[in-house]
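Biologist: Hi! Could you walk me through a couple of spots in this one?

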Amino acid sequence: ADGEDLFSEGLPRTGATARAEDALGTQEVVALYFGASWCPPCRRATAMLQTLYGRLRGQGHRFEVVLVSLDSEEKDFKAHFAAMPWLAIPFDEARTKAKLAELFSVDALPTIVLADGATGATISTDGVRVLTKHPMRFPWRAKPPPATPALHPLAERLLRRGPVDAGAQTLLPMYVPIDLLQQPIRAVTLEDAVAAIRHCDKLCTLIAVQDHCVKNTHFLVIALVQHTFTLLLPVPEAPGTPAAAACPWHSTPVQYETQLDLLILLQRVTEHFAAACFTVDHTRPIDAVRMVVPLCIAAVADAVLRKVATDIPSTVSLHLIGQGVGEELGHPGKGFALSSGALARQAAAVVVFTPELNIARARALDYFEGVAPQCHSIFNWDRTDRLEPSLDKFITGVCKKLAFPIGEALTPSYVSDVRGLIHKNHPEFTCYRDIAFYLKLFLNPQTERLPGSGTLWTQRDAELQWQWDADYKRFRVQAFEGTPLSCRPRVRRGEMLPTARFHSLASASEHTRPYFVESEDDVLHMWDLPDFGSLDVGNAKALGQHDSELLLSFLTVPYMRIPLVVTFFSQHDRIHALQSPGLRDVLDGCVFEPGNFLPRHHAGSDITDVPSSEPHLLATAHGLLLNELVHSPEVVREGVVRLARQAVDLDTGHVKSSTSSIILYCVRLAARVDSHLALLCALGDGTHDNLSLGQCRGLREALPRALPLLIKFRRDLRDVLLGPLHDVLAAWYAKLVAECEGRVDDSVLDENTKLMCDIQAHVLLAHRAVAAEEMTEKTAHVFVAAFAFLSTRHEWNMDLYGTDLSVPEHELFELLQGARRKLVLWLRYRAAQPQLDAIMETAVRVAATTGAATVDEATSAVNRWAYVSGVRSVGRFAMHSAYALVHDGTNGAGGTAGLLARERAREAEQSKAIPIGPLVFHEREPEAKAGEAARGAATGGTGSGGGQHAR
């Protein structure tokens, strides 16, 4: 039907009247806006439509809106229409409005119908959603499918004419809030540790079963387990050391039920972690997480099983520590223990961007080093899949003490058969076995021997299935839908076994293949040195022969490489060479690879000659970067700060320039160094939530002397990182948003979206080390807007754009895990109502593509937000109502802005929360009361509204 025939001769516009034929006949798209003054959702639709109307007509698009008001009073219609710049059907044309509502089946308000202005054909009857999701896709017509019948001549034969059985109906469960703030800030006692592990297991399950409504479940699980075992829980101290007396894993008595409960929880968490890790792509940056987290879990499991229960001691535990129960069961002897395998060697060549991982690695390795000399090593799955003599001895000893039948044919079944007597009577052995297997599995240097990524694995898939192959005398282990698992690499006869999944980026030989370089003399005798690729400008080489020789010489002295290489790139305009991906990898490897691990028994040894006859002493406990920052921070400070400042000078105003990759890399470098500095400063002044300086051997003596220099270093670095560099990223983002306005070309939109995701990831990384007391409205905007944008735009774990984010995806979720509590507490207890409204509106606007993620644009917020009450909803916020739109008679925008300013001023003056149903409006509390409430929520109290939940 021709919609124009339904209109009367005159369509009123504010201050004028236009003929329907003149007003609509020349328009490309006409929007029929069904609304009313009494409808609260219509107020938001009106505000959105006003912004879009002005923008489209300002760009020259032929777009017109016709208000179809359903008000019952003429004065309400006039007040509603007074500030609208478009047309309206006169109030007395009730018949016309009724026919339009019937024609387009209008059953809810607001409704927007988009129609072709020339033909009257309907484009969409769901205009509210179309204009909200795709405001600049004018004229909102779907592209016709390509006519390619010749490419599929037999396609009609695929038509299934019979009934199709869709299977049994499955109802999705209602969403249950995931309270990631249930875990405490720190775990000091054994009771705290057990609660933290229990919450971790429960949350992992809750995340996994709600993958239909929770995005990126695997990254959430990895970040949660990593935070729990490398930061929240104390890593066990080696038995017999002075620190063991204060360690909760050793000093607190336990009963058998607690011991068994803990081991079952640790086994389940290990399965959750394994399923999540094998779901994501195996990349170099995540390799350290895959190795260190299972090591920490295994250390906790070993310490728990070594405890003798106070009520009914486990025979497995007693035999593990070499103790007998009565003379009839034998005398105390040498016990048994797990080993860390080749982890120390493999982790030396893996980039570690998170300093807490290096500290957790050192403490876990110290634990196993302290246990190993006193025990036989068992479960060495990385060396053999046969029944090793030490494991045979362990199983035989347990069976003797329990009067179980023994024999050469029975012993392997006690390891593999879950129906066997040991598994049935001592399930803690099963948990211990599986945790040990996953520890060694993550050390397999052949990634092709691991389950493939791309499948959304669950904990059930990660459950190990053991079998003893009597013909070949080997254990066979399967999981992940029957995938054979092996902790040992397999090669053809005559081939050398691989020793690491990824070779060191800071090794000179890695860049001179097939030539082996061990010393500076080897570099001097090479005829042709690598140039590390070409640059974009003038096809120039990244490095000349002189610079290449100098860089390779620096790489031959790993214990001095950080100051040498950082200074190398920060001088003589060599920053341009960082346009080469290979050289960026070299600098990352030099700075963030921890290098060789220094065992505790060598910690007190001194180097007596140069060059050293004991090169194993040229190692560190917590990585080269932390060691360099503690003992000689000045050279690193000059180099890193100079690189950051030079990066600002390279800006040409657009992210698509040839220097943008250098600038983004300098942001990553500065942000990661800043996180190391933040850790050392917190350790130095005793403000770290979980770690103390006494737990970090090799740092506690020198850090107090270096602390003033580190504080100055961090202040200088943050001045550049959060100042000029952040401004460069913001300017790039704004230009990309401007380029997308009015574009319908998918290639441009896809390219710009990829670049905007990359920029937002770098903005988040720059704010990674922000402390709770440093949180501001601007910082909160950054976290909320950036994660909202990345969650709705970036395709996680899927390389759809040809290149991944420059920032590893798991690092962003690791960052969110650390920032979640600080952000939620600021929003609930320090943000005023206008600030909360502005930040939440930013998230909605970014997610709905109705604006940019900028703080300034948030002043247009028209909704009032509140946090959801309840014991599991500390971090959940919801829109409660819209601010009333009252116009001053001049124009809609001016009247709305004035009212919003007055509303925000009134809200800021309120001092108490206003309960309305299940929601509670969040207001700024007095400082003392706010601090008390914040501490209550952080430690498990409910506070106002209660609970500990964050989404």
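Modeller: Happy to. Keep in mind that the model is predicted. Let's begin with strand 3 (residues 29-35), which pairs with strand 4 in the parallel sense over 7 bridges.

Biologist: Nice. Which residue does L32 stand opposite in strand 4?

Modeller: L32 stands opposite V66 there.

Biologist: And what do strand 3, helix 2 and strand 4 make together?

Modeller: A right-handed β-α-β unit, with helix 2 covering residues 40-58. Another right-handed β-α-β unit is made by strand 4, helix 3 (residues 74-81) and strand 5.

Biologist: How many bridges are there between strand 4 and strand 5?

Modeller: 2 bridges, in the parallel sense, with strand 5 at residues 87-88. Here L67 stands opposite A88.

Biologist: So is strand 4 covered on its faces, and which residues sit on each side?

Modeller: Both faces are covered: F63, V65, L67 and S69 are buried on one side, and E64, V66 and V68 are buried on the other. For the strand as a whole (residues 63-69), 7 of its 7 residues are buried.

Biologist: Switching topic: where is H688?

Modeller: H688 is in the loop between helix 24 (660-685) and helix 25 (703-721).

Biologist: Is H688 buried or exposed, and why?

Modeller: Buried, because its relative accessibility is 16% and the cut-off for buried is under 20%.

Biologist: What does its side chain reach?

Modeller: The H688 side chain reaches the backbone nitrogen of N690 at 3.0 Å, and that of L691 at 3.1 Å.

Biologist: Which residues does H688 touch, beyond four places away in sequence?

Modeller: H688 touches L231, E356, L679, A682 and L683.

Note on methods: Residues are numbered from 1 along each chain as its sequence is written. This is a predicted model: local features need pLDDT of at least 70, side-chain atom pairs count only at pLDDT 80 or more; totals for chains, interfaces and linings use all residues. Side-chain values use heavy atoms; hydrogens and water are left out. Buried means under 20% relative accessible area, exposed over 50%, partly exposed in between (1.4 Å probe, protein chains only). Helices (H or I, at least four residues) and strands (E, at least two) are DSSP runs, numbered from the N terminus. Two strands pair if DSSP finds at least two bridges between them. A crossover is right-handed if, with the strands pointing away from the viewer, the path from the first strand over the helix to the second runs clockwise. A polar contact is a pair of N or O atoms within 3.5 Å; within protein, one must be able to donate a hydrogen and the other to accept it, and residues adjacent in sequence count only if both atoms are side-chain atoms. Contact means heavy atoms within 4.5 Å.
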